[in-house]
Amino acid sequence: MVPTNYYLILSAIIFGLGVVAFIFKRNVITIFMSIELMLNAVNLAFVAFSQAKHQSDGQVFVLFVIVVAAAEAAVGLGIIILMQRVRHSLNVERVDLLKL
Amino acid sequence: MTPQLAIFFVLAALAVIGALNLILQKHPIHSALSLIVVMIALAGLYLLMGAEFVAAVQIIVYGGAIMVLFVFVIMLLNAGVEEKTNISKLAGIAGVPLAVALLGFIAAAIARSNDAAQAGVESGTLASTKEISTMLFKDFVYPFELTSFLILVAILGAIVLAQREN
């Protein structure tokens, strides 16, 4: 029997680390991975609440979150490939103009 | 300490160490591999909670498909060690207080939570896979259909973005 609070605290810690990675990292692929980390932290909170309240809604939401994350990864990595092809760099600071 | 609590602490430590390693590593491929560790640890936590379907989906879709996509793109673009610039120091100065403030807000919200949240998660099979599927195809059938449309749009977008202009 693990208290629900423990899961929520773990979820908050992982989300915070994701935010820190999002702010600190300069490589666009690593920034993308930190977004996935934050989504995972939210999923953990969803499942913890779902099991604590004895309702399956939370787990259905987790499925939707995973689907959206997969779609986001496909489009985002396409954008990253385009960025490397046009700017020849993966550093976010070198991509600060909308036009070429 | 019950065995369940011990397993929780081992998996939680694994997840936090993996997330820390993601920040500390300089090379994107090392960050990607530590992110896989976090995802496997979270799948173990889902199993501990008795959400076996979500645990399986986590390993197959996240640990499998999405992370393979990431590693593939890192290798395809031959991404190297990230470079440090002046703006990254600025991000550190502005970012640390911001992250600490966010964590403080979340911690305060959890500390104020009621007794129901402290009751604990039983490791029984409360929400079976059958129950999830019934809910998914009955109550959430329109969002489910919308996600298929979303995936179609994502496929088209990825093809349009990644194709070479001639």
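A residue counts as buried when its relative accessible area is under 20%. By that cut-off, 60% of the 100 residues of chain A are buried. For the 166 residues of chain B, the share is 36%. Both figures come from a predicted model. The points below take chain A, then chain B, then the interface between them.

**Chain A**

- Chain A holds three helices and zero strands.
- Its elements follow the pattern α-α-α along the sequence.
- The radius of gyration of chain A is 17 Å, while the globule rule gives 13 Å for 100 residues, so the chain is more spread out than a compact globule.
- The C-alpha trace of chain A covers about 55 × 25 × 15 Å along its principal axes.
- Take the contacts in chain A between residues at least 6 apart in sequence: 50% of them join residues at least 24 apart.

**Chain B**

- Chain B has seven helices and zero strands.
- From the N terminus on, the order in chain B is α-α-α-α-α-α-α.
- For contacts in chain B between residues at least 6 apart in sequence, 64% link residues at least 24 apart.

**Extent of the interface**

- On the chain B side, 85 residues are in contact with chain A; on the chain A side, 70 residues take part.
- Together the two chains bury about 7100 Å².
- Carbon and sulfur atoms account for 75% of that buried area.

**Polar links across the interface**

- The rule finds zero salt bridges between chain B and chain A.
- It does find seven residue pairs in polar contact across the interface, with both residues at pLDDT 80 or more.

**What chain B brings to the interface**

- Seven helices of chain B each supply at least two residues to the side that touches chain A: H1 (3-24), H2 (28-49), H3 (52-77), H4 (86-111), H5 (115-118), H6 (129-138) and H7 (141-162).
- H3(B) gives the most to this side, with 14 residues.
- By class, the side of chain B that touches chain A has 62 nonpolar residues.

**In brief**

- Chain A and chain B each have zero strands.
- Their interface buries about 7100 Å², and the rule finds zero salt bridges across it.

Technical notes
Residues numbered from 1 in each chain as written. Chains lettered and ligands numbered in written order. Predicted model: local features only at pLDDT ≥ 70, side-chain atom pairs only at ≥ 80, totals over all residues. Heavy atoms only, no water. Contact = heavy atoms within 4.5 Å. Buried area = accessible area lost by both parts, 1.4 Å probe. Salt bridge = Lys/Arg side-chain N within 4 Å of Asp/Glu carboxyl O. Polar contact = N/O pair within 3.5 Å; in protein donor to acceptor, adjacent residues only side chain to side chain. Helix = DSSP H or I, 4+ residues; strand = E, 2+ residues; numbered from the N terminus. Nonpolar A, V, L, I, M, F, W, Y, C, P; charged D, E, K, R; others polar. Rg over C-alpha atoms; globule rule 2.2 N^0.38 Å. Buried < 20%, exposed > 50% of the residue type's maximum accessible area, 1.4 Å probe, protein only.
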